[in-house]
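Open the model in your viewer and follow the stops below. Each one says what to select and what is there.

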Amino acid sequence: MSAPHIPILRQGRVYKSLDVQTVNRLGSTEAAAEISFACADMIKYDLQKMGQARAILKAMKSEDLIEITKKAGEIFLHDDLPIGVDGALQSPEDYVLSLAATSGLPHSLIRMNMKRLGGIFGQIDTIFRGLTRGLDIAVLDKGYGEQGGSPVSFSASTNELAVILPSNSPAVNALWIPSIAMKVPVLLKPGREEPWTPWRVIQAFIKAGCPPEAFSLYPTQHDGSGVIIRRAGRVMLFGDDSTVKQYEHDPRIEVHGTGYSKLLIGEDEIENWRDYVDTIVESISANSGRSCICTSTVVVPKYGDEIAKVVAQRLAEIKPLAQDDPEARLSGFANPKFAEWINEAVESGLKSGGATDVTAEFREGERFQERDGMNYLQPTLVRCQSFDQDLAIREFLFPFASVVECPQSEMLDKIGPSLVVTAITRDMDWINQLFDCATIDRLNIGNVPTNRIQWDQPHEGNLFEFLYTRRSFQIALSA
Amino acid sequence: MSPDEARSQLDAQVRETIQWHFSPETGCPFWLDWAKTAGWDPRQEIKGYEDIIKFPHFQDEWLRDEKNERFVPNAYKYRPFNVFETGGTTGLPKQRVGWDDYKHDYEQFSDTLSDEFFPRGGNWIMVGPTGPRRLRLAVEHLANHRGGSCYFVDLDPRWVKKLILRKEYDQAERYQAHVMEQAVEIIKHRDIKCIFTTPKLLASIGERISIPSHGLRGCFCGGTSMTPEYVRFLQEEVLEDKAQFVPTYGNTLMGLAVSIPEELKQNQYSVTYYAPQPRAVLRIVDADNTEITKDYGEYGRVELTTLTKEFFMPRFLERDEAIRRKPHAKYPWDGVGDVRPFGAMTKTVIEGVY
């Protein structure tokens, strides 16, 4: 298949720009896609008209949108869907190959992420119930109703959910999929190397019967992203700690940043630590360690050296393999410089003392590897002497974690903000303290890998509450 | 006019300009002093435009550091002059003295405008940098020359640049909104047919009101570079394909290089500008060896030579790059296409902020 042209979608209308950029296959000069770029002012104009798209979705029955979403999931997973502007079709396998070619993700991980996305579509009614605490979805059609015997009314806080998507993780598209069933159109800015997933999800929705007007897709430069962030009614974006800080007081913006997710073993379970090695390895390395829900710090009351050694040995088995190797679990970097920068940051942390790279003893070769024209970082587990070490609480875009020893009684004071905490314990007093800990966003008690999440619960914010505001209302009996 | 005739006309203008600026009776102190130390007499050696290369590049610091009086030709020394400024984000901006050049330039430009879209007798509005800029007087003269009056809304680009450098984007947007409110009020309540503004401000006005629905039929635009996609956006969406978009390239030192608006669409909105020859010449040069003119179709740095009795400026290197384009039947000399800031592909340039 020749390189498809990914156009701009303006409320579903295909727009081929004169500003076209080519994305090459990684490690090659062969074009993988041509992408139409939108100018910032065009986005400003279109944002003003998003009320029209919202009106179209609002006029539909929520029940129908739920069914469309479920159907779209099956289509996303199994159907050939339009790609580009010339009537070409993309099979699910073509999708895997295209995404692999520009993102560096192994086919096996792309398939895993596809399945995960498919699950989001399929569970839409459960997700809606979970996020709304059991609200009858018909309330969105009527505008008001009852919940738990009390009158409720909700109004949309925005005409669009804008999402500035990254290039390194197709699964993040899961975050916006439920917006359609919630009758809020989406405005997506794809990552430069990853237009494939948002495009395919959109096409699946349209084929399932969703009005195309619900979808806007704007590949754009930095100034275009700036317009989206400044002007859209609700914005999700992905960034580091500085981005999170920049927008922490803006209620329109939800930043998905670093997770600093952690796995804790309690004093009551530490003697059984060998039973939890699989969980620790999965938590660190799932999705090539790229998710904010991957564990970056393992905190134990004792046996830190022993645990680090066994986990490091297991992590070292994960190696750069050919992208189409079914066993491949490690992603290359689309931007080769990233691998170099990250490797330098790890090395610098190690040089500052108090930390040892335990994986170095088990892995083949250096952490930084080149293969098939791509750069890789081999999994790394560092044993840190205390939380004061630079690498004790760090998160990188590859399977990386630290192991730190700390008395159970001090753990909650030391771990800091954590998107996910898995606490392996049966100690009810400590469990109660964990539930009470304000810096833990998502809590798993027991042997649950941090990367396994239920989408019917809020993830870095509750999407329904982000998109809707509950209003007080009364209707006079005579009305 | 054929390309050969255009070339003869240019060569004649070069000879006449050199004679004027390097003769003690008519020339200015700056060039007369320069000739004394140059070791050669331009009046003897410059026979046509090709010889201009014997001059070094005109340095923009000269317009900042030299007293303005040193650029006053002796022939004009009893006439008070206008002082026009360019850019100037920090420190003393560049200044150019002038008398009637702006009138000639804009009358010449007026001849290129369509009476259908820029109707004679129609009023104008200028939204953009006024203050010490030549544009302020030039646009009003253009309006008057075509039988109309001109309204003004000022915007201070130096302040906007400072806000952007400080990353105070919200303030920049608020300032722009403040300017827009004034412009929209005038457009709504006065009978205006034509507008001069910058591309960004035009788009910003169009966000607030339908420009053609308020009676505007022609938009003369200049100030910053525009990609073909942006030109298309302005013509098709901001002006709704009902008013005519007339992009120009120019500055205080040159006058106006014009485009051919009626051919924009067929050229995929890639704009080619033609200098107001023979009063000014644009050449696309190799940035590393500026004596070499680039081939047609190649990007190079823009070099400007201004050749009027009021101002002689040889081989000034603009802060822009562009594609060298072939002569057009309407303008039988080289054009410059798809202008963008020099080095735009390799560094971030704050440009097009207003």
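**Stop one: a glutamate and its surroundings**

Select A:Glu194: this residue touches A:Leu99, A:Pro166, A:Ser167, A:Pro170 and A:Asn173, not counting residues up to four places away in sequence. Contact means heavy atoms within 4.5 Å. The model is predicted: local features need pLDDT of at least 70 and side-chain atom pairs pLDDT 80 or more, while totals for chains, interfaces and linings use all residues. Residues count from 1 along each chain as written, chains are lettered from A and ligands numbered from 1 in written order, and side-chain values use heavy atoms, without hydrogens and water.

A:Glu194 sits in the loop between β11 (186–189) and α9 (196–207) of chain A. Helices (H or I, at least four residues) and strands (E, at least two) are DSSP runs, numbered from the N terminus.

Now select A:Thr197. Its side chain makes a polar contact with the side chain of A:Glu194 (2.8 Å). Such a contact is a pair of N or O atoms within 3.5 Å; within protein, one must be able to donate a hydrogen and the other to accept it, and residues adjacent in sequence count only if both atoms are side-chain atoms.

**Stop two: the sheet**

Color seven strands of chain A: β17-β20-β21-β16-β15-β22-β23, in that order, form an open sheet with mixed pairing. β17 (355–357) and β23 (440–445) of chain A are at the edges, each with a single partner strand, so one side of each has no neighbour in the sheet. Two strands pair if DSSP finds at least two bridges between them.

Zoom to β15 (residues 261–265) and β22 (residues 418–424) of chain A: they run parallel, joined by four bridges. Pick A:Ile265; its bridge partner in β22(A) is A:Ile424.
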